[in-house]
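Hi everyone, thanks for coming.

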Amino acid sequence: MIIRQGLFIGTCVFVAVLCELTLLSRLGIPGATPDLVVVTVVAIAFAMGPLQGATAGFAAGVLLDLSPSSDTLLGVNAIIYLVIGFVAGFWIDPRDRTLPIMIGITALSTGAAALGTAIVDTALGGDRVNWVEVPWITLSSALYGVLLSALIIPLIARISRPFLPEISFS
Amino acid sequence: MLSRRTRIILSILVVASLTFVILDLRGGDGPFSSARAAVSSIIGGIQRGAATIFSPITGSSEWWSTQVSQSGQIRELTIENERLNSALVSAQNDIARADQLDELLRVASVGRYRVTPAEVIAVGPVQDFAWTVTIDAGSLDGLEEDMTVINGDGLVGRVLKVYNSTSTVVLIVDPESSVGGRVAGSQEIGIVSGTGRQNSLEFQLLDPLGEVNQGDAVVTFGSKSGRPYAPGLPIGEVVDVTGTAGQLARIATVKPFANVSQLSVVGVVVKPPREDPRDSVLPNPSVATASATPTPTPSSSNEKETAATPAPSGN
């Protein structure tokens, strides 16, 4: 079960990273790049639980940091996505899993990911972040999060059904 | 609240990512260079395939803007078309002149830079605040770190990391990028640094009294043995100058010639020119002196000239 879950998470994360780097970031859309990776991580957290969300976040962050065309410090995205995946899975109320609420949480997550990257990068002494642009990037990232999550969350929920954990966290 | 197993796995993951950050902060060829190389050789290959599949979508570069403002564009284009039609006749003359200038420029530049062409296959997300792209050429194509990357419009960036079949390129607009620049006309030198915005660079003159005006072109100053930047490549055009002459920090805003957000085919300068082509696009001063010196001509050359002139007139 654990192996099958791991394979499922790994495949989802891999496809998301690939799509984000080769397709979404090249569309020339104004503002931030639509953050498919964070949306996927949050969708996994909703469908499978906080631990799976955190693992997916960690894997996605490491993959994104290691893949070419990214020049970030290894581990920065990993820790941000890990926290996001865990928090999203932990705070979603099992009795209130309506799509609008899940979309709202995803939008907050994508915004938080953009803001978090800026904060961590600045805190670690990088001078790349242009703080004038940060509000706009955060806002547009949240907006694209809404659009993507309406599609991705039902999709992940559908295809993850055979891989759901038998023991839920308590 | 959480099960013991969950807590253990979570803390392992947190400790692992913090360790990664701390180890990678040391910079240089850290312990992760081999991991990066392995991952990028796998992902790079897949990215190449994915880029081909997605090329109908990404290839239409103005996809977004056309979606947004199609009707406005049609109106603008109609007006522009009328204006262009009337301007066409007078433009014929200019085109002929421009062709000659093109010829001159080509003579000056082609053959001096040896360029390996490559295509951009992936772009780093905006949220990373790093302006980096992946190209589909690597060490197998003869690329090395710190090589200059150009496209048809001008300087694009430099090679940051090289893997087997892909490389990462840091663009000139990246906030950590700085290029030695020279104003094409006045030869003033300075430093062109990225701002993180795709259409503006900062050009800081070394000489506070230096002459720089709106519309001046800025070219690369060149580095030792052409790494990381080959000399004489066009960077951009000065669009704004802040601060008056003599002020300590005179900063000009430069608009890069290359549109870095819509890159497709780029060239990597594998071999820089043997000498700096600094003045080759300007009228050559050596020609002027050569034609000036023969004025006190000896009689022999005069005779040759007079002997040579009747021949064409006779024909």
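Let me start with a question: is B:Asp146 buried, exposed or partly exposed, and how many other C-beta atoms lie within 10 Å? Before we get to that, a reminder that what you're looking at is a predicted model.

So, B:Asp146. Look for the loop between β2 and β3 of chain B, where β3 covers 148-150, and you'll find B:Asp146 there. The answer is that B:Asp146 is partly exposed, because 13 other C-beta atoms lie within 10 Å, and on our scale a residue counts as exposed at 12 or fewer and as buried at 20 or more. The backbone is worth a look as well: phi of B:Asp146 is near 65°, which is a positive value in a residue other than glycine. As a general point, most residues other than glycine have a negative phi.

Chain B has another one like this to show you. B:Phe129 sits in the loop between β1 and β2 of chain B, and its phi is near 60°, again positive in a residue that isn't glycine.

Okay, over to chain A and a pair of helices. Helix α2, residues 36-48, packs against helix α4, residues 76-91, at an angle of about 35°, and their axes are 8 Å apart. The crossing of α2(A) and α4(A) is right-handed. Who makes the contact? From α2(A) we have A:Val38, A:Val41, A:Val42, A:Ala45 and A:Phe46, and from α4(A) come A:Tyr81, A:Ile84, A:Gly85, A:Ala88 and A:Gly89. By class, that's 8 nonpolar residues, 2 polar and no charged.

Last stop, the place where the two chains touch. Chain B puts 54 residues into that contact and chain A puts in 47. On the chain B side, the elements that each supply at least two residues are α1, α2, α3, β1, β2 and β5. Which gives the most? That would be α2(B), with 13 residues. And the make-up of the chain B side is 32 nonpolar, 18 polar and 4 charged residues.

That's my tour, happy to take questions.

Methods
Residues numbered from 1 in each chain as written. Chains lettered and ligands numbered in written order. Predicted model: local features only at pLDDT ≥ 70, side-chain atom pairs only at ≥ 80, totals over all residues. Axes fitted to C-alpha atoms, helices over the stretch in contact; angles between N-to-C directions. Helix = DSSP H or I, 4+ residues; strand = E, 2+ residues; numbered from the N terminus. Left-handed = near helix turned anticlockwise from the far one by under 90°. Contact = placed C-beta atoms within 7 Å. Nonpolar A, V, L, I, M, F, W, Y, C, P; charged D, E, K, R; others polar.
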